[in-house]
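Keep the structure open beside you as you read.

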Amino acid sequence: MHEIRIECPEIFDYEKCLDYLKRDENEVLFEVEDHKIYRAINLDGERLLMCIYYHHHYLIVEILNDVSVNPALTEKIIAYIEEWFDFSADLSSFYQYGRKNEILKPLIQELYGLRLIRIPNLFEAISWGIIGQQINLTFAYQLKKRLVQTYGEKITYNHKAYYIHPTVEVIANVSVQELMDLKFSRRKAEYLIDIAKRMHSQMLSKDMLLDIEDTNEIERTLIKNRGIGPWTAHYVMMRALGVQDAFPIGDVGLQNALKDILNLGKKPSKEQMLSLNEGWHEWSSYATFYIWRAPHIQN
């Protein structure tokens, strides 16, 4: 068993991150058990089963399956974990900024050390964004599970299967009817396959998007792709690209959380959302992520 130690940022609360990761029992791409995270991934063709846990300000990553972990692969694993937990973000700056805001101030106090949990795989992030459009979260997780278990790779360890998200190559060659058989709508099936084909042909890539510095230009580039509207674009910018000022204004969960926080009679209007965003615009992504957690810390 190969072990890797990753030093955590000064501001980091592993338990708060675990609480987020445990938010739905139907999650199929990782599992939290006894304060440990089990996740299977494919890093440039190398299939890995990781067990991740916290010990004395380090994340310990154990590679459970039989694979040769050389220095180059070790660097890729560290980069993946650091991106997943958004270790590059300067939370002290966000907290300094957010403590001046009446909505964020109590959330920062309750969620201190929570990192914005990212989705390093761009296709996984876009797929989840498309799957979640206009349906409830429970059904979205069911669709995701069917997609992953049908078309993803798996690693079996101790008689248990750990799944890896399907690649663009696989989904690009799936038919619309096959996805509809999994209870995807025709439109969502078409969107997923179209995105997979565009990514497979390098018409869309993570590197391409990361090379764009302007947030509005990233959004424009994303929404040129069928199936990606403004909400999905900002969700992907937040979760996959690490854009700090993404703001998914049409997100129902965000609107409902703000409605409760502000004791409004109805969900805030687009104009109210834009006005609120002015108060945290430099850190819109983190503000959104913390507001999403508000109902969970108030219950």
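Strands S6 and S7 form a hairpin with two residues between them. In the turn, Asn 158 has a positive phi of about 50°. S6 covers residues 154-157 and S7 covers residues 160-163, and the two pair in the antiparallel sense over four bridges. Helices (H or I, at least four residues) and strands (E, at least two) are DSSP runs, numbered from the N terminus, and two strands pair if DSSP finds at least two bridges between them.

Before going further, please note that this is a predicted model: local features need pLDDT of at least 70, side-chain atom pairs count only at pLDDT 80 or more, and totals for chains, interfaces and linings use all residues. Residues are numbered from 1 along each chain as its sequence is written, and side-chain values use heavy atoms, with hydrogens and water left out.

**The open sheet**

Now look for the open sheet of five strands, whose order is S1-S5-S4-S3-S2, with antiparallel pairing. Which strands sit at the edges? They are S1 (2-7) and S2 (30-33), each of which pairs on one side only. From one strand to the next, the twist averages 25°. Within this sheet, S3 (residues 36-43) and S4 (residues 46-55) run antiparallel and are joined by seven bridges. Leu 43 has Glu 46 of S4 as its bridge partner. Strands of a sheet pair through backbone hydrogen bonds, either parallel or antiparallel.

**Two helices that meet**

Two packed helices are described by the angle between their axes and the distance between the axes. Helix H3 (residues 91-98) and helix H4 (residues 104-111) have axes that come within 9 Å and cross at roughly 140°. That angle makes H3 oblique to H4. Here, axes are lines fitted to C-alpha atoms, for helices over the stretch in contact, and angles run from 0 to 180 degrees between N-to-C directions. Angles under 35 degrees count as roughly parallel, over 145 as roughly antiparallel, 65 to 115 as roughly perpendicular and the rest as oblique.

On the H3 side, the contact (heavy atoms within 4.5 Å) is made by Phe 94, Tyr 95 and Gly 98. H4 contributes Leu 104, Lys 105, Ile 108 and Leu 111. These residues divide into five nonpolar, one polar and one charged. For this count, Ala, Val, Leu, Ile, Met, Phe, Trp, Tyr, Cys and Pro are nonpolar, Asp, Glu, Lys and Arg are charged, and the others, Gly among them, are polar.

**Buried or partly exposed?**

Buried means under 20% relative accessible area, exposed over 50%, and partly exposed in between (1.4 Å probe, protein chains only).

| Residue | Relative accessible area | Class |
|---|---|---|
| Lys 206 | 18% | buried |
| Ser 127 | 0% | buried |
| Glu 190 | 22% | partly exposed |
| Asn 121 | 33% | partly exposed |

Lys 206 belongs to helix H10 (residues 206-210). Leaving aside neighbours within four places in sequence, Lys 206 is in contact with Glu 83, Pro 120, Leu 122, Ala 240 and Leu 241.

Glu 190 is part of helix H9 (residues 186-200). Beyond its neighbours within four places in sequence, Glu 190 touches Val 176 and Arg 226. Glu 190 also lies eleven residues from Leu 179 in sequence, with 8.8 Å between their C-alpha atoms. Asn 121, in turn, lies in the loop between H4 and H5.

Helix H12 (residues 230-239) is largely enclosed by the rest of the structure, because eight of its ten residues are buried. Among them are His 234, Tyr 235 and Arg 239.

**The cysteines**

How many disulfides does the structure hold? There are zero, where a disulfide is a pair of cysteine sulfur atoms within 2.5 Å. Cys 8 is buried at 5% relative accessibility, and Cys 17 is buried at 0%.
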